[in-house]
Amino acid sequence: MSGRSSWLQANSSGRVWAVVERGFRAWKSGNWVVVMTGFFEPLLYLAAMGYGMGGLVGEVRGPGGVVMSYAGFIAPAMMATSAMNGAIYDSTWNVFFKMKIAKLYEVMLATSLGPLDVAIGEIVMALFRGFIYALGFTAVIAAMGLTHSWWALAMIPVALLIALGFAAFGMAVTSFFTRFQQMDVLQLALMPMFLFSATLVPLEVYPQVVQWFIMALPLWHGVELMRQLSIGVFTSWAWVHLAYFVVLSAAGIFFTTTRLRALFLK
Amino acid sequence: MPVIDAHDVVKTYGEVTAVDHVSFAVRSGESFGLLGPNGAGKSTTMRMIGGSTVRSGGSLTVAGLDPQTQGPQVRAMLGVVPQQDNLDTELTVRENLMVYGRYFGLPMSYVRPKTDELIAFAQLQDKANAKVDELSGGMKRRLTIARGLINEPKVLLLDEPTTGLDPQARHILWDRLFRLKEQGVTLVVTTHFMDEAEQLCDRLIVIDHGKIVAEGSPADLIQQYSSREVVELRFGSGRNAGVVDQLQPYAQRIEILPDRVLLYADDGEELLDQVRRAGLIPVTSLVRRSSLEDVFLRLTGRSLIE
């Protein structure tokens, strides 16, 4: 038996679906208002900043030097941010509750489910939520005339990829938390990332050193990729952005599985 | 072949040895108990059977499989009832059972009728569509046990099944567990309640500080480690220890507890008469049969619940 297949055997029984099924049943009885707020938040930002600030700012240069309206410039960034926020919310508050308070993962792992099944199942649930947000947001910005290419449809799967990266990583990080307060510290790191990742102003306005720092963070890659898709203009960086999230997602899933194993199968 | 076979099992956490070279075998259909005070290593042993805790040494098999390397397969044969109810509060009673069955990969065509059967077994027909939070402590416990039965396990692991329940709820639960035993389900029960061990267990091991200190059926253990009857005398606080010397000639053995003196004898009433004739008048007296509590006291010098 190769090392890889025995790792799979020890961590999975291939029943991700059972975890997803549980998620949908819980949703059915859950609070839809909470789910909906995640949808309206980026729209409110778009309305306030895009049309409020946009009137003062006028036009900005986007990917490949293309001139964009300010609302068109920030709309894809809001979509990337909403994918991130949805994923982080799900993988921190919800996961913390299920891990430490409801003991849900302990229950699941006392059955024949493996930690990889639990990790992927929970991430799929977070993605489904992200998918609904992305679908709605894309429809709204298309209706506002802020998309200029059929490539904009690809923003939906890319939103899912961004959510996957953040959810997988967020879940692993949450597994280290022991108190609710620690999640506020995480928010303290996410807020500046949201403000400075070329979301509201172009990256070029910052000093070179700051630019390098921002380019190392995940959200910038998401924002840039989304912006390129919204107008169908691609730079040579597009593949780097994509690869960044593929690697982040894979590492996050591996990391989360290892953590679940360490926590509940010790 | 025993269903569970443990040899020299050890679990250490850093410097602390929680389970210290424990060996036992559980036969199919048997009701097997692990009796000991809190922190004796009972729950750790249970978790090692389910493969959710890694052994530090020794060997352990469930139906010939090692839970550590074949975790999912072993857990498919087990029903686990943890010490604390961990029901899914976001789901209804019925959904709790169905979803749990799905975790084992069981098809809906099996899970649906099985769920109805288990709701009846747990006497929760009226609460089938209620959320878990609406259930009483006893109901939650019965649901947790029913949940552990969804995969028709070879062995049901029950960790402190009636801790925290009122007497009536305990009796209902014992009745349910007795039915399972009659159906041939192998039960492994940890408890620190003597009466529970006597009610439920065919055979048990007494554990203290991670070590097995005695093994046998409840009746055998009582016969081996205690007299037939016990006289409990209270002379009032402060006086108990003082009268011990005078009581010495009448009893086979004496244990002094903070609030009372225990005298062991084959005929309790006669011993009590002798004590009274000697002019020692206790504030209260009670003659009873020896129990596992006395066995534990004899073996460890401590009572189980302190």
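Biologist: How do you know which strands pair in the open sheet of chain B?

Modeller: Two strands pair if DSSP finds at least two bridges between them; strands (E, at least two residues) and helices (H or I, at least four) are DSSP runs numbered from the N terminus. On that basis six strands of chain B form an open sheet in the order 5-6-7-3-8-9, with mixed pairing. This is a predicted model, in which local features need pLDDT of at least 70 and side-chain atom pairs count only at pLDDT 80 or more, while totals for chains, interfaces and linings use all residues. Residues are numbered from 1 along each chain as its sequence is written, chains are lettered from A and ligands numbered from 1 in the order in which they are written, and side-chain values use heavy atoms, leaving out hydrogens and water.

Biologist: What makes strand 5 and strand 9 of chain B edge strands?

Modeller: Strand 5 (78-81) and strand 9 (211-216) of chain B each pair on one side only. Strand 5 of chain B is joined to strand 6 (residues 155-159) by four bridges and runs parallel to it, with Val80(B) opposite Leu157(B). Five bridges join strand 9 of chain B to strand 8 (residues 203-208), and this pair is antiparallel.

Biologist: Why are both faces of strand 5 of chain B called covered?

Modeller: Buried means under 20% relative accessible area (1.4 Å probe, protein chains only; exposed is over 50%, partly exposed in between). Leu78(B) and Val80(B) on one side are buried, as are Gly79(B) and Val81(B) on the other, so both faces count as covered.

Biologist: How do you know that the length of helix 6 of chain A agrees with expectation?

Modeller: The expected span is 1.5 Å times one less than the number of residues. For the 29 residues of helix 6 (residues 115-143) of chain A that gives 42 Å, and the end C-alpha atoms are 42 Å apart, so the two agree. Just after this helix, Gly145(A) has a positive phi of about 75°.

Biologist: What makes up the area buried between chain B and chain A?

Modeller: Buried area is the accessible area (1.4 Å probe) that two parts lose on being put together, summed over both. Here the area is about 2200 Å², with 54% from carbon and sulfur atoms. On the side of chain B, Arg75(B), Glu90(B) and Tyr103(B) lose the most to chain A, together 30% of what that side buries. Contact means heavy atoms within 4.5 Å, and 23 residues of chain B are in contact with 24 of chain A.
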